[in-house]
Amino acid sequence: MELKLSRPAARFALLSLAGAIALLPWRVRTANETDRVATEANQAAEAPSQRSFAADVARLSEPGGEFDTDNLVSNERSYLEVVSALQQTGVSGGAYIGVGPDQNFSYIAQVRPAIAFIVDVRRDNLLLHLMFKALFEIAHNRAEYLSALTDRSPPDRPEDWRDAPLQRIVAYIDDAPPSSLSSSRQLAKRVDEAIARYGVPVSRDDYNTIHRFHQAFVRAGLSLQFQSKGRPPRSYYPTYRELLLNTDRDGRQWNFLASERDFQFVRSLEIRDLLIPVVGNLSGPHALGAIGTAMKERGTRLSALYVSNVEDYLFRDGAFPRFVDNLKSLPRDDRSTIVRSVFGGYNGSRSMVQSVNELLAAWSNGRYRTYWDLVRS
């Protein structure tokens, strides 16, 4: 992943820079912003040593924990509300860190980081992201990706779908029947073979878990919802279809599948092993600190940290101070931003952003004694 200036590394630097510059068609980048993103891309390309994807997963991870949800899809209907704020404050490039499922891909598509880490206390989330990684490898465009995720036959003439609106792709998936048994077995074999090539130790039970996750998308299609163990989905939980087609308050679509360009950016990170799933607790003894060390080695600072509503649980468990200590260890600048979700109200959730430096300063000054102090500030 980290090469001297070989041909793949040079291509990575150019791709990262081009994607970062092209991020905001409606906001002009300053020269300083462009220079900063270019410098980070070059530093990442010239990092001192090369490590494999599997080695990175192993060295960054810590022992996992349990949680009572499957987290195959998000339950945050509000997740796109923060995209405009990220853009307006110039959150781009650098290293992205997030928790949970493919909601991260939509943030990554807009932030255009040089590298991304998905950290979750559940090892199942690592397995889910290995499945996503395999599907990105198999699929070459948005229509093929959604077809593979739901095990539907991809549309003919893929070139006709490159610029198709997401609504058209969603309608195709909704109307397409599940693939034949032989086609399904062939797809499952390709997914398994891709995962085996990544080198991450995966047991037979792990493969069974990955198959179970994939079958959940196949059976429910785009009607799949977030599920808690032993409890039915709540009425405000969006379907995967709704998450795909959701907009911000101004009616803009920001899901990573709404644009072929955004999809291809996320796919490029996956293909180049620059989207790394990590098992770890945000307040844990190793994972976040190890990511901070990896960022320093690459000369990369934090752009965005998506925490969902994890801070609520950290306050409940008395672990929030340890999270703050881990946060301090991450290289950052004035633009480094936390993205969080707060649950409650008729819509289920609201999403918000906060400067990392603001959070650390307020914590140091004693302003945050409870979770509600944090989210009401």
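**Notes on the predicted model**

1. Arg 197 and Glu 137 form a salt bridge, with their closest N and O atoms 2.2 Å apart. A salt bridge here is a side-chain nitrogen of Lys or Arg within 4 Å of a carboxyl oxygen of Asp or Glu. The pair links distant parts of the chain, 60 residues apart: Arg 197 belongs to helix α9 and Glu 137 to helix α6 (residues 123-138). Helices (H or I, at least four residues) and strands (E, at least two) are DSSP runs, numbered from the N terminus. Arg 197 counts as exposed at 55% relative accessibility, and Glu 137 as partly exposed at 27%. The cut-offs are under 20% relative accessible area for buried and over 50% for exposed, with partly exposed in between (1.4 Å probe, protein chains only).

2. On the basis of these notes: this is a predicted model, in which local features need pLDDT of at least 70 and side-chain atom pairs count only at pLDDT 80 or more, while totals for chains, interfaces and linings use all residues. Residues are numbered from 1 along each chain as its sequence is written, and side-chain values use heavy atoms, with hydrogens and water left out.

3. The whole structure contains 18 salt bridges. Among them, Asp 160 pairs with Arg 157, the closest N and O atoms being 2.6 Å apart; Asp 160 is partly exposed at 37% relative accessibility. Asp 248 and Arg 252 also meet in a salt bridge, at 3.8 Å from N to O. Asp 248 is buried at 7% relative accessibility, whereas Arg 252 is partly exposed at 32%. Asp 56, Arg 59 and Glu 297 are linked in a network of salt bridges.

4. Helix α9 has 18 residues and reaches 26 Å from its first C-alpha to its last, close to the 26 Å expected at 1.5 Å a residue. The expected span is 1.5 Å times one less than the number of residues. Which residues of α9 are buried? They are Ser 184, Leu 187, Val 191, Asp 192, Ala 194, Ile 195 and Tyr 198. Seen down the axis of α9, these buried residues fall within an arc of 160°, so they line one face of the helix. The arc is that of the directions from the helix axis to the C-beta atoms. An α-helix has 3.6 residues a turn, so residues three or four places apart point the same way. The face of α9 turned away from the buried side carries the exposed residues Ser 182, Arg 185, Gln 186, Lys 189, Ala 196 and Arg 197.

5. Most residues other than glycine have a negative phi. Asp 151, in the loop between α7 and α8 (166-175), has a positive phi near 55°, and Asp 151 is buried, with a relative accessible area of 6%. Asp 273, in the loop between α12 (260-271) and β3 (275-279), has a positive phi of about 60°. Asp 273 is partly exposed at 25% relative accessibility.

6. The largest pocket has a volume of about 930 Å³. Of the 44 residues that line the largest pocket, Phe 67, Ser 308, Asn 309, Val 310 and Tyr 313 are the closest to its centre. On a 1 Å grid over the protein atoms alone, a pocket is an open set of points with protein on both sides within 12 Å along at least five of seven lines, and a cavity is a set where a 1.4 Å probe fits but cannot get out; lining residues have an atom within 4 Å of a point. Grid points are joined across faces, edges and corners, and a volume is the space filled by probe spheres set on the points. Helix α14 gives the most to the lining of the largest pocket, with five residues.

7. The second largest pocket holds about 270 Å³ of space. Of its 14 lining residues, the closest to the centre are Ala 148, Arg 152, Pro 154, Leu 187 and Arg 190. Helix α9 supplies the largest share of this lining, four residues.

8. There are three cavities of 30 Å³ or more in the whole structure, and the largest cavity holds about 70 Å³. Helix α11 gives the most to the lining of the largest cavity, with three residues.
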